[in-house]
Amino acid sequence: MVGLEGFERAYPRELSGGMKQRVGMARALCVDPRSLHGRALQQVDALTAESLRAEVLDIWDDAERNPSSILMVSHDSKEVAYMADRIVVSRPTLAASAR
């Protein structure tokens, strides 16, 4: 479901950053969640992030297995515009920005 065919017996050290992100998504999805939360695309290169975005949308589009909502945190406005049907903008508080 998350594009890791052929890597079922691989050790974590043998996986790329994008593959590790896919493992995280698979872990979250295997318990049949009502919602999915995360920063799944933060630690991967641009090409992998693009592929993962499409996979997340495909998973969400699958009516039989999809979570009812997905909450993603992103600083990438293009990513947000591509993936979201609702957007919440948060500003840091004064105390947090003073650090």
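The largest pocket of this predicted model is lined by 22 residues, and Leu71, Met72, Arg86, Ile87 and Val88 lie nearest its centre. A pocket here is an open set of points on a 1 Å grid over the protein atoms alone, where a 1.4 Å probe fits and protein stands on both sides within 12 Å along at least five of seven lines; lining residues have an atom within 4 Å of a point. About 750 Å³ of space lies in the largest pocket, a volume being the space filled by probe spheres set on the points, with grid points joined across faces, edges and corners. Strand 2 gives the largest share of this lining, 4 residues. At least two residues each come from helix 2 (46–61), strand 2 (69–72) and helix 3. By class, the lining of the largest pocket holds 13 nonpolar, 5 polar and 4 charged residues; Ala, Val, Leu, Ile, Met, Phe, Trp, Tyr, Cys and Pro count as nonpolar, Asp, Glu, Lys and Arg as charged, and the others, Gly among them, as polar.

The second largest pocket has a volume of about 170 Å³. Its lining includes Leu4, Phe7, Tyr11, Lys20 and Arg27, and divides into 7 nonpolar, 1 polar and 3 charged residues.

Turning to the fold, the chain has 4 helices and 2 strands, arranged along the sequence as α-β-α-β-α-α. Helices (H or I, at least four residues) and strands (E, at least two) are DSSP runs, numbered from the N terminus. Among contacts (heavy atoms within 4.5 Å) between residues at least 6 apart in sequence, 61% join residues at least 24 apart.

Ile59 counts as buried because its relative accessibility is 6%; buried means under 20% relative accessible area, exposed over 50%, and partly exposed in between (1.4 Å probe, protein chains only). Gly17, by contrast, belongs to helix 1 (residues 17–29) and counts as partly exposed, at 37% relative accessibility. The C-alpha atoms of Gly17 and Asp45 are 8.4 Å apart, although 28 residues separate the two along the chain.

Over the whole chain, 25% of the 99 residues count as buried. The accessible surface is about 7800 Å², with 52% belonging to carbon and sulfur atoms; these areas come from the Shrake-Rupley method with a 1.4 Å probe, and for residues only the protein chains shown count as cover.

Confidence is given as pLDDT, the predictor's score for each residue from 0 to 100. The chain averages 75, and 75% of the residues score at least 70. Among the elements, helix 3 (residues 77–83) has the highest mean, 80, and helix 4 (residues 94–97) the lowest, 60. Where pLDDT is low, the predicted coordinates should not be read in detail.

Residues are numbered from 1 along each chain as its sequence is written, and side-chain values use heavy atoms, without hydrogens or water. In this predicted model, local features need pLDDT of at least 70 and side-chain atom pairs count only at 80 or more, while totals for chains, interfaces and linings use all residues.
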